[in-house]
Amino acid sequence: MKKILTSLALIGLVAAGTGAAGTWAIAAEEAHNAAAPTHFPIDEPKEISWSFAGPFGTYDKGQLQRGLKVYKEVCSACHSMNLVAFRTLSDLGYSDAQIKTLSAEYTIHDGPNDAGDMFDRPGKPSDHFPAPFANEQAAASANGGAAPPDMSLLAKARGVERGFPQFFFDIFTQYAAGGPDYIHSLLTGYDETPPAGMVIPEGTHYNPYFMSGVSLKMPKPLSDGQVTYDDGSPQTVDQYSRDVSAFLMWAAEPHMEDRKKTGFRVLVFLLLFGALVYLTKRKVWEGVAH
């Protein structure tokens with residue numbers, strides 16, 4: 001019996017030593033790879049509580065208006081929104097007169113006129129947000145060789161895949177805020193310090209939330225107090241990032257609220273219809289021997 005206990009103790013010590021060695025090896029490997037990561041983004045985007053999240057989520061019009069202001073005063077200097085028309089801003093709570101005034105602030109290159117010439121004119125509600133550059137080549141030339149992406153569908157195009165078990169629970173929670181979470185994390189991630197030994201290419205900026213590498217060409221776009229809010233909301237980078245992320249979600253899916261309402265009504269109808277079919281079946285076949 002003593003030999004058996006001694007043998008078991010030795011096996012336990014060997015197993016513990018092997019486990020410790022394995023843990024140390026994994027830790028050493030992670031420390032070694034911290035300066036040369038192989039998957040991106042390095043850090044998973046922070047999950048934010050959005051008003052539009054979930055099956056009954058709705059847009060916060062006040063937040064969308066603040067996000068529009070951030071886009072106009074900061075993002076529009078480099079990023080276009082070619083698929084968003086001024087008239088759709090009525091969804092944000094703006095009146096027709098306000099939309100006309102806002103669209104007239106932009107200059108639209110139009111034409112040709114009757115003489116065959118192109119000309120500039122004030123914007124109209126039927127126009128789309130004009131691009132800040134004449135073409136993609138001009139945009140790339142002005143931004144260090146990397147053309148800033150159009151923001152019309154950015155919130156739907158930049159979602160990061162969530163692994164197990166998150167993707168399983170997402171089926172029931174209807175999580176669809178990956179894009180806004182990513183944009184918010186990216187905009188607030190510029191102050192992070194890169195790991196020791198990591199080489200940051202010249203002319204780029206480290207951001208652990210960037211989905212295509214360790215750094216990106218775009219410098220930190222936001223700073224505290226940069227945009228003035230009229231409703232008393234905090235004028236911080238975090239708040240700016242939340243607001244513009246929500247606005248970009250609306251730009252990418254302006255009919256989300258109607259879609260959710262329709263989906264809920266369809267589910268209620270199917271439940272009632274299924275119950276009626278079941279009761280009808282029982283009534284028709286109750287007198288028939290089985």
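## Overview

Of the protein's 290 residues, 31% count as buried, where buried means under 20% relative accessible area, exposed over 50% and partly exposed in between (1.4 Å probe, protein chains only). This is a predicted model, in which local features need pLDDT of at least 70, side-chain atom pairs count only at pLDDT 80 or more, and totals for chains, interfaces and linings use all residues. Residues are numbered from 1 along each chain as its sequence is written, and side-chain values use heavy atoms, with hydrogens and water left out.

The protein has nine helices and four strands. Helices (H or I, at least four residues) and strands (E, at least two) are DSSP runs, numbered from the N terminus. Starting at that end, the elements run α-α-α-β-β-α-α-α-α-β-β-α-α. Contact means heavy atoms within 4.5 Å. Among contacts in the protein with a separation of 6 or more, 64% come from residues 24 or more positions apart.

## Confidence

pLDDT is the predictor's confidence in each residue, from 0 to 100. Its mean over the protein is 88. A value of 70 or more is reached by 88% of the residues.

One stretch needs care. Over residues 8-32, pLDDT stays under 50. For these residues the model has zero contacts beyond four places in sequence.

## Where α2 crosses α8

Helix α2 covers residues 61-73, and helix α8 covers residues 237-252. Their axes come within 7 Å and cross at roughly 100°. That makes α2 roughly perpendicular to α8. Axes here are lines fitted to C-alpha atoms, for helices over the stretch in contact, and angles run from 0 to 180 degrees between N-to-C directions. Angles under 35 degrees count as roughly parallel, over 145 as roughly antiparallel, 65 to 115 as roughly perpendicular and the rest as oblique.

From α2, the residues that meet α8 are Gln63, Leu64, Arg66, Gly67, Leu68, Val70 and Tyr71. On the α8 side they meet Gln239, Tyr240, Arg242, Asp243, Val244, Ala246, Phe247 and Trp250. The residues of this contact divide into nine nonpolar, three polar and three charged. Ala, Val, Leu, Ile, Met, Phe, Trp, Tyr, Cys and Pro count as nonpolar, Asp, Glu, Lys and Arg as charged, and the others, Gly among them, as polar.

Asp243 sits in helix α8. It counts as buried because its relative accessibility is 0%. The side chains of Asp243 and Arg66 are joined by a polar contact of 3.0 Å. A polar contact is a pair of N or O atoms within 3.5 Å; within protein, one must be able to donate a hydrogen and the other to accept it, and residues adjacent in sequence count only if both atoms are side-chain atoms. Neighbours within four places in sequence aside, Asp243 is in contact with Gln63, Arg66, Gly67 and Tyr229.

Met249 is also found in helix α8. At 1% relative accessibility, Met249 counts as buried. Its contacts, leaving aside neighbours within four places in sequence, are Phe52, Tyr59, Ala155, Lys156, Ala176 and Pro180. Met249 and Met151 are 98 residues apart in sequence, yet 9.8 Å apart in space, C-alpha to C-alpha.

## Loop residues

Ser80 lies in the loop between α2 and α3 (96-104). With 10% relative accessibility, Ser80 counts as buried. Its side chain makes a polar contact of 2.6 Å with the side chain of Asp150. Not counting residues up to four places away in sequence, Ser80 touches Tyr71, Ala131, Pro132, Pro149, Asp150, Met151 and Ser152.

Pro45 has its place in the loop between α1 and α2. Residues up to four places away in sequence aside, Pro45 touches Val160, Asp181, Tyr182, Ser185 and Tyr209. Pro45 and Gly189 are 144 residues apart in sequence and 9.6 Å apart in space, C-alpha to C-alpha.

## Cis peptide bonds

Most peptide bonds are trans. The bond from Phe40 to Pro41 is cis, with omega near 0°. Pro41 is in the loop between α1 (2-33) and α2.

The peptide bond from Gly111 to Pro112 is cis, with omega near 5°. Pro112 lies in the loop between β1 (107-110) and β2 (119-122).
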